[in-house]
Amino acid sequence: MAAWVPCRRWDWAAVLFGRHRGPIASLARKPPRAWWLPACRQKVSLSFLNRPDLPSLAYKKLKGKNPGIIFIPGYLSDMNGEKALAIEEFCKSLGHACIRFDYSGIGNSDGNLEECTVGKWRKDVLSILDDVAEGPQILVGSSLGGWLMLHAAIARPEKVVALIGIATAADALVTQFHALPVEAQKEIEVKGEWTLPSKYNEEGFYHVPYSFIKEAEHHCLLHSPIPVTCPVRLLHGMKDSIIPWHMSLQVADRIVSPDVDVILRKNSDHRMKEKADIHLLVCTIDDLIDKLSTVVH
């Protein structure tokens, strides 16, 4: 059974799975760090990872201590979002390494967006892990990035030491597509794309290729136990209109690790980028770094 733990100070609740020292007590008593740096912020230079037969990936790497943090963006998002920048600033204040990057076909990376798939973006994450990151890493995945972080943890268990999902969208596009009436599915197949409403896009909707959905079916995880054994923290806003917060409970239930927390924010939406959301995120990172350091020593 999962235990609900209310935390009035942060306006969130956590669902704890298994027997372990979760972040609840430590976050409740931990004062905010003075990590928001002044305006004369040191810039991290843009670099490119060249890959044979694959698009070059744009990334920014902050050098520092391990475990390092890698931010994995959401669908059509780049490395310059508020969460990615906040994580980099927090890592800088701690002296820990941090990497943020653009998927192929997105931002400053090479590649054709129309040819991108979940499988190709999975390869992008693994390339960053294999060829840019040094030592053990904590992966922070937002939305679709939460789905990809699970794949990375399965593929590189020796390097991925913890996961933090923000509105983790495991299997989400596939699940939502198959929830449509059969007639609507057939119409999308004939048309070749799914016009998916979204308040986070200037047009008011995304054009999702039908081929993208069909390829994504090969990467679904929720149909069986997810062989991730490291600590996992899943943050989710209960006012998320894109990915229902119940998805994080489902992901937590499927992950085999006993060290899994689901942390729900009652008034947060899908992006979880308000100041209190960011505070919760960096406190969660801080707690995992403390936990991993304790385990190592």
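**Entry 1: contacts and overall make-up**

I began with contacts in the chain between residues at least 6 apart in sequence, and found that 71% of them join residues at least 24 apart. The model I am reading is a predicted one. Next I looked up the secondary structure: the chain has nine helices and 12 strands. Then I checked burial. Of the 297 residues, 55% count as buried.

**Entry 2: valine 262**

I picked a residue in a strand. Valine 262 sits in strand S12, residues 260-265. Its relative accessible area is 0%, so I noted valine 262 as buried. I also looked up a distance from here. Isoleucine 164 is 98 residues away along the chain, yet the C-alpha atoms of valine 262 and isoleucine 164 are 9.9 Å apart.

**Entry 3: serine 104**

Where does serine 104 lie? I found serine 104 in the loop between strand S6 (96-101) and helix H3 (118-131). Is serine 104 buried or exposed? Its relative accessible area is 4%, and buried means under 20%, so serine 104 is buried. I then listed its contacts, leaving out residues up to four places away in sequence. Serine 104 touches Arg51, Pro55, Leu57, Ser109, Asp110, Cys116, Trp121 and Asp124.

**Entry 4: cysteines**

How many disulfides does the structure hold? I found zero. Cysteine 220 has 16% relative accessibility and counts as buried. Cysteine 283 is buried too, with a relative accessible area of 7%.

**Entry 5: the largest pocket**

I turned to the pockets. The largest pocket has a volume of about 760 Å³. I found 32 residues in its lining, and Tyr75, Ser77, Ser143, Tyr206 and His270 lie nearest its centre. Several elements each supply at least two lining residues: helix H2 (82-94), helix H4 (144-155), helix H5 (172-178) and strand S9 (193-197). By class, the lining of the largest pocket divides into 16 nonpolar, 11 polar and five charged residues.

**Entry 6: the second largest pocket**

The second largest pocket holds about 190 Å³ of space. I found 13 residues lining this pocket, and the closest to its centre are Tyr75, Leu76, Leu113, His207 and Pro209. Which strand gives the largest share of the lining of the second largest pocket? Strand S10, residues 205-209, gives four residues. I sorted this lining by class: nine nonpolar, two polar and two charged residues.

**Entry 7**

I went back to serine 143, one of the residues nearest the centre of the largest pocket. Serine 143 has a positive phi of about 55 degrees, although it is not a glycine. I placed serine 143 in the loop between strand S7 (137-142) and H4. At 11% relative accessibility, serine 143 counts as buried.

Aspartate 53 also has a positive phi, near 65 degrees, and is a residue other than glycine. Aspartate 53 lies in the loop between strand S3 (46-51) and strand S4 (54-62). Its relative accessible area is 82%, so I noted aspartate 53 as exposed.

**Entry 8: a cis peptide bond**

I looked up the peptide bond from asparagine 66 to proline 67. It is cis, with omega near 0 degrees. Proline 67 is found in strand S5, residues 65-72.

**Entry 9: helix H8**

Which residues of helix H8 (residues 246-254) are buried? I noted Met247, Ser248, Val251 and Ala252. Seen down the axis of H8, the buried residues fall within an arc of 140 degrees, so they line one face of the helix.

Notes. Residues are numbered from 1 along each chain as its sequence is written. This is a predicted model: local features need pLDDT of at least 70, side-chain atom pairs count only at pLDDT 80 or more; totals for chains, interfaces and linings use all residues. Side-chain values use heavy atoms; hydrogens and water are left out. Buried means under 20% relative accessible area, exposed over 50%, partly exposed in between (1.4 Å probe, protein chains only). Contact means heavy atoms within 4.5 Å. A disulfide is a pair of cysteine sulfur atoms within 2.5 Å. On a 1 Å grid over the protein atoms alone, a cavity is a set of points where a 1.4 Å probe fits but cannot get out, and a pocket is an open set with protein on both sides within 12 Å along at least five of seven lines; lining residues have an atom within 4 Å of a point. Grid points are joined across faces, edges and corners, and a volume is the space filled by probe spheres set on the points. Ala, Val, Leu, Ile, Met, Phe, Trp, Tyr, Cys and Pro count as nonpolar, Asp, Glu, Lys and Arg as charged, and the others, Gly among them, as polar. The arc is that of the directions from the helix axis to the C-beta atoms.
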